[in-house]
There are 2 protein chains.
Amino acid sequence: MEYDKYAYEPFAVTVDLAVLTVRDGALHVLLVERGQDPYAGHWALPGGFVEPDESAETAARRELAEETGLSDVTGLHLEQLRTYSEPDRDPRMRVVSVAFTALLPDAPEPHGGSDAADARWVECDTALPVAFDHDRILADARDRVGAQLEYTCLATAFCPPEFTLGELRQVYETVWGTELDRPNFRRKVLATPGFVEPVPGAARLTGGRGKPAALYRAGPATSLVPPLLRPSREGRPA
Amino acid sequence: MEYDKYAYEPFAVTVDLAVLTVRDGALHVLLVERGQDPYAGHWALPGGFVEPDESAETAARRELAEETGLSDVTGLHLEQLRTYSEPDRDPRMRVVSVAFTALLPDAPEPHGGSDAADARWVECDTALPVAFDHDRILADARDRVGAQLEYTCLATAFCPPEFTLGELRQVYETVWGTELDRPNFRRKVLATPGFVEPVPGAARLTGGRGKPAALYRAGPATSLVPPLLRPSREGRPA
DNA sequence: CGTGTTTATAGTCCAAGTGACCATTAAGGG
DNA sequence: CCCTTAATGGTCACTTGGACTATAAACACG
């Protein structure tokens with residue numbers, strides 16, 4: 001490999017974030033409204049340039065803090081998704097973007113941050129024209145997260161620090177778009193060591209309509225073996 | 001996002017390839033010997049710059065053809081691994097590298113190609129000092145491939161067009177570093193629709209020492225549900 | 001030439017896992 | 001006060017997968 005920085009057209013390197021959360025039984029993504037061309041007025045994934053002294057991960061966490069307005073993003077799940085490098089993905093210049101997936105427990109309304117005209121949570125299933133190739137990034141992020149729910153304990157990243165098994169089950173049902181049997185889901189989760197841990201004291205009462213549920217915290221486990229397979233689309237009569 | 005190509009230090013964008021193959025019951029990786037500083041004389045993963053009109057995927061496939069000397073790399077499994085962007089990963093300048101994993105069936109000896117002093121297959125487990133952060137890239141590639149064998153049909157990418165179930169099993173055993181029960185492996189593979197398909201005619205005779213094995217081809221399936229879990233390191237008495 | 005080794009293949013047995021249920025408990029809403 | 005809702009506890013049958021035995025068909029070696 002020869003290195004001659006003047007022999008090649010310089011690349012701009014950016015990060016794009018697919019910040020996902022579960023709200024009202026639907027998967028939502030954080031989008032910002034672009035204030036300038038190209039795609040002025042379109043919605044787009046939050047993101048920005050990687051600074052000269054940053055890694056892409058550092059830049060992504062900085063952007064996450066800026067765009068969500070959260071004071072503490074250290075505990076949030078942030079993971080590299082993949083890199084998008086098609087030569088024509090940005091009409092102005094050569095931009096290579098490292099995309100990340102971030103999972104948030106609750107959904108605080110974002111303040112239209114730094115360089116974005118507006119920022120808001122948008123339901124993923126609404127057919128919304130988004131800028132650049134961000135629709136593909138978002139689709140890839142949904143695929144990845146859906147697959148990860150099967151064989152990791154990642155679902156707790158969508159939940160607040162203390163949660164009920166019903167809330168955890170709704171995460172699966174929302175991301176997968178299926179219904180799960182309550183008793184079987186409970187048995188599977190509780191049979192997996194380190195997935196969830198009971199909160200010593202209380203049980204939640206005031207909120208829902210049914211019998212109050214016990215509270216759990218996320219456990220130390222990260223992988224889920226054997227996996228929790230989503231109901232197959234096969235074998236269903238037409 | 002503001003785009004001003006002069007406001008930021010330019011990034012060089014490269015691709016690095018972890019080209020893996022199974023040979024003699026051991027996982028091998030294609031390494032090239034660097035001819036110049038830094039790391040002159042060290043071994044490194046093959047790779048190179050992304051050209052102005054290329055995507056990272058295109059560049060990776062071009063490099064794969066160049067480095068392996070294979071005339072046809074269209075059928076080979078090439079997959080984006082992740083992007084490495086630590087600011088100090090290259091001592092000379094800011095280089096962001098998109099790493100790929102490639103899986104090869106057999107192991108034709110590479111010709112020391114274009115800009116590499118030498119190229120050869122190296123057993124992955126040999127503790128070899130490699131340049132830059134390529135040891136981490138290689139470790140990530142091994143992790144990824146090992147995990148993918150569990151829940152995808154990717155193992156056939158290590159095999160020639162026609163192969164026996166014993167060869168397929170050796171792929172698993174080599175990548176995972178474990179032994180698998182022959183009858184159980186056979187039952188699992190054959191019970192998965194579309195994983196492998198029998199070759200109409202022949203059965204292999206001349207090669208091995210034991211009873212001749214039937215030949216199979218890779219089937220159309222890509223995902224392996226339920227997965228083929230590797231034997232756990234747990235539950236083993238000390 | 002026969003015997004032993006090696007590998008492929010067929011089949012058995014049983015424990016764990018899981019889907020499909022049913023039943024009970026404990027809240028809130030009319 | 002009854003109905004609805006949701007959590008929780010439990011059963012049962014079927015499937016999966018790990019451990020294991022047995023047979024078949026090649027080669028190596030004396």
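Modeller: Helix axes are lines fitted to C-alpha atoms over the stretch in contact, and angles run from 0 to 180 degrees between N-to-C directions. The model discussed here is predicted.

Biologist: How are α3(B) and α4(B) oriented to each other?

Modeller: In chain B, helix α3 (residues 165–176) packs on helix α4 (residues 182–191) with axes 11 Å apart and an angle of about 100°. Angles of 65 to 115 degrees count as roughly perpendicular. The two helices α3(B) and α4(B) are therefore roughly perpendicular.

Biologist: Which residues of α4(B) make the contact?

Modeller: From α3(B), the contact uses B:L165, B:L168, B:R169 and B:Y172. By class, the contact has six nonpolar, no polar and three charged residues. On the α4(B) side, the residues are B:R182, B:F185, B:R186, B:V189 and B:L190.

Biologist: How many aromatic pairs does the whole structure hold, over all chains?

Modeller: Rings of Phe, Tyr and Trp pair if their centres lie within 6.5 Å. Over all chains, the search finds seven aromatic pairs.

Biologist: Is A:W176 buried or exposed?

Modeller: A:W176 sits four residues from A:Y172 in helix α3 of chain A, about one helical turn. Buried means under 20% relative accessible area. A:W176 has 10% relative accessibility, so A:W176 counts as buried.

Biologist: Which residues do ring pairs link into a cluster?

Modeller: A:Y172, at a relative accessible area of 0%, is buried. Ring pairs join this residue into a cluster whose members are A:Y172, A:W176 and A:F185.

Conventions:
Residues numbered from 1 in each chain as written. Chains lettered and ligands numbered in written order. Predicted model: local features only at pLDDT ≥ 70, side-chain atom pairs only at ≥ 80, totals over all residues. Heavy atoms only, no water. Parallel < 35°, antiparallel > 145°, perpendicular 65-115°, else oblique. Contact = heavy atoms within 4.5 Å. Nonpolar A, V, L, I, M, F, W, Y, C, P; charged D, E, K, R; others polar. Phe/Tyr/Trp six-rings, centres within 6.5 Å; stacked < 30°, edge-to-face > 60°. Buried < 20%, exposed > 50% of the residue type's maximum accessible area, 1.4 Å probe, protein only.
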